[in-house]
Amino acid sequence: MSTPSRVRVEMLPDGRQDLRVCTPGGAWIRLHSANDPEREARGLLERTLGDATVPPVVAVIGVGQGFVIDELLARRPDVRIVALEVLPDLVEHWQARTACGGLIASGQVVVGVAPAYELPGLWFNPREAQA
């Protein structure tokens with residue numbers, strides 16, 4: 001017997017995907033803005049960072065379709081990111097939307113997926129992060 005997916009995908013009129021996730025109570029919630037998920041990600045980082053710059057290493061919990069990761073990279077191209085996704089079904093949607101394969105292959109972005117969240121060994125030089 002297969003487990004039903006907790007992720008539902010609908011296509012928006014502009015061709016983008018609208019992802020929704022089922023809560024334990026059975027409600028379906030939207031992961032990102034249907035109108036402008038890029039602006040939503042920019043606003044999230046503005047509220048989180050204020051006037052500070054993006055630090056050299058960032059953790060993102062709940063990648064979704066990766067809009068926050070895109071904005072982090074736009075603000076600091078050399079940022080190293082530890083991305084933890086609690087819903088394994090979402091990883092394929094993130095990878096389909098972006099060219100994150102090269103970032104993952106290079107080690108600039110490391111991804112851990114529930115339930116094990118296994119990450120590669122030491123993936124950066126801590127001295128580089130201080131520069």
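**Briefing: helices, sheets and salt bridges in a predicted model**

The model is predicted, so local features need pLDDT of at least 70 and side-chain atom pairs count only at pLDDT 80 or more, while totals for chains, interfaces and linings use all residues. Residues are numbered from 1 along each chain as its sequence is written, and side-chain values use heavy atoms, with hydrogens and water left out. Helices (H or I, at least four residues) and strands (E, at least two) are DSSP runs numbered from the N terminus.

**Helix H1**

- Helix H1 covers residues 37–49, and its 13 residues reach 18 Å from the first C-alpha to the last, close to the 18 Å expected at 1.5 Å a residue (1.5 Å times one less than the number of residues).

**Antiparallel sheet**

- Three strands form an open antiparallel sheet in the order S1-S2-S3; two strands pair if DSSP finds at least two bridges between them.
- The edge strands, S1 (7–11) and S3 (28–30), each pair on one side only.
- S1 and S2 (residues 17–22) are joined by five bridges, and Val 9 stands opposite Leu 19 in S2.
- Helix H3 (residues 89–97) packs on this sheet, touching S1 and S2.

**Parallel pairing**

- Strand S4 (residues 57–61) runs parallel to strand S5 (residues 80–85), with five bridges between them.
- Ala 59 has Val 82 in S5 as its bridge partner, and Val 82 also stands opposite Val 110 in S6.
- Strand S6 (residues 109–113) pairs with S5 in the parallel sense over five bridges.

**Salt bridges**

- The structure holds eight salt bridges, each a side-chain nitrogen of Lys or Arg within 4 Å of a carboxyl oxygen of Asp or Glu.
- Asp 18 and Arg 30 meet in one of them at 2.9 Å, N to O; Asp 18 is buried at 3% relative accessible area, whereas Arg 30 is partly exposed at 38%.
- Asp 18, Arg 20 and Arg 30 are linked in a network of salt bridges.
- Asp 70 forms a salt bridge with Arg 97, the closest N and O atoms being 2.4 Å apart.
- Asp 70 lies in helix H2 and Arg 97 in helix H3, so this pair ties together parts that are 27 residues apart in sequence.

Terms used:
Contact means heavy atoms within 4.5 Å. Axes are lines fitted to C-alpha atoms, for helices over the stretch in contact, and angles run from 0 to 180 degrees between N-to-C directions. Buried means under 20% relative accessible area, exposed over 50%, partly exposed in between (1.4 Å probe, protein chains only).
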